[in-house]
Amino acid sequence: MSWNSFLETLSNRPEYGLTSLEAEVVMCLQESQCPTKSELLEAYIKSYSTIEEEAFTQRLKNIYKKFQIVGKGHKLPQLHKRLTEQYLQYQNNDIFFSEIGLNYIYPSFPRDAFGKAIDHLIDSDNPEYKQVDILQTFAPNLDDYFEHLIRCLKNGVQVRILLAWPYSEAAKLREEVLRRYANSSIGDEINIQDCVIANLETLEKIIRVSDTSNLIEIKLYDTLPSLAIYRAGRYMLAAPFLHGSLAINTFQLELMLNSANQLVTQTLQKDFELMWQVARRFHPDPNQNWRNDLKILFTS
């Protein structure tokens, strides 16, 4: 993590909330390594902008307060020490998370980021990772990627979709949990049977429009997954199935599959493959009435 990124992180954290002008002072302190306020003021005016000494002193006081630097003695060296310690801590965390493949944590599903990951995969010349995987109970955002998935099928990208069998006990249990614990009105509106069928209807349209079904595989499961997974090549988003929220509305782990330490990413991939093995293939053929076949998929 660069010093600029570190300052941006500090500025966004509520316990610090550095303003842009305060961040400039901190940046100047790092650049100049000035031991005294007068030297720092001189360096700031030279590198950034003109400011009266009184205003600069007040700006420093605000920074000291935000970093809880109190008491007697020279506060500037204390501030520099505190910033250096925190910067090293951030760097260590950044290195650790990068090693295990964790790139970012989103508060909810990043619609555009996954779309861009699919586009990048389609345009890539590397045939090794030409694959899109989705594991969900049902995918509320599947229609967002209608055009992306058509482009995948027309450009040689394998697509695997893994959804709940809508008549399964697992689907009923997930629906019951959402209705009971969801912290919004969405729980009252959820009908997983209808939602999965709506996903299958979207996939039927994708097959019809792309005029091919060779590269798309759809399977339905009758068990309980632990995580929702969206993968495009080496890019993956994973989120837990929490009691009170749809998986797309909770935090998302953005992971890269080519990390140095692949314990996390390989575990998630193995879980997907295990689910894929126990699930049953289903094809929403545009030329057939597949809804009756859907009802009896797991009855024999």
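Reader: Which residues does Asp-133 touch, not counting residues up to four places away in sequence?

Author: Contact means heavy atoms within 4.5 Å. By that rule, Asp-133 touches Arg-160, Ile-229, Tyr-230, Arg-231 and Phe-272. This is a predicted model: local features need pLDDT of at least 70, side-chain atom pairs count only at pLDDT 80 or more, and totals for chains, interfaces and linings use all residues. Residues are numbered from 1 along each chain as its sequence is written, and side-chain values use heavy atoms, leaving out hydrogens and water.

Reader: Is Asp-133 buried or exposed?

Author: Buried means under 20% relative accessible area, exposed over 50%, partly exposed in between (1.4 Å probe, protein chains only). Asp-133 counts as buried because its relative accessibility is 2%.

Reader: Which side chain makes a polar contact of 2.9 Å with that of Asp-133?

Author: A polar contact is a pair of N or O atoms within 3.5 Å; within protein, one must be able to donate a hydrogen and the other to accept it, and residues adjacent in sequence count only if both atoms are side-chain atoms. The partner at 2.9 Å is the side chain of Arg-160. The side chain of Gln-131 also joins Asp-133, at 3.1 Å.

Reader: Which strand holds Asp-133?

Author: Strands (E, at least two residues) are DSSP runs, numbered from the N terminus. Asp-133 lies in β2.

Reader: What is the order of the strands in the open sheet?

Author: Strands of a sheet pair through backbone hydrogen bonds, either parallel or antiparallel. Two strands pair if DSSP finds at least two bridges between them. Here the order is β1-β7-β6-β5-β2-β3-β4-β8, with mixed pairing. The edge strands are β1 (102-106) and β8 (280-281).

Note on methods. Helices (H or I, at least four residues) and strands (E, at least two) are DSSP runs, numbered from the N terminus.
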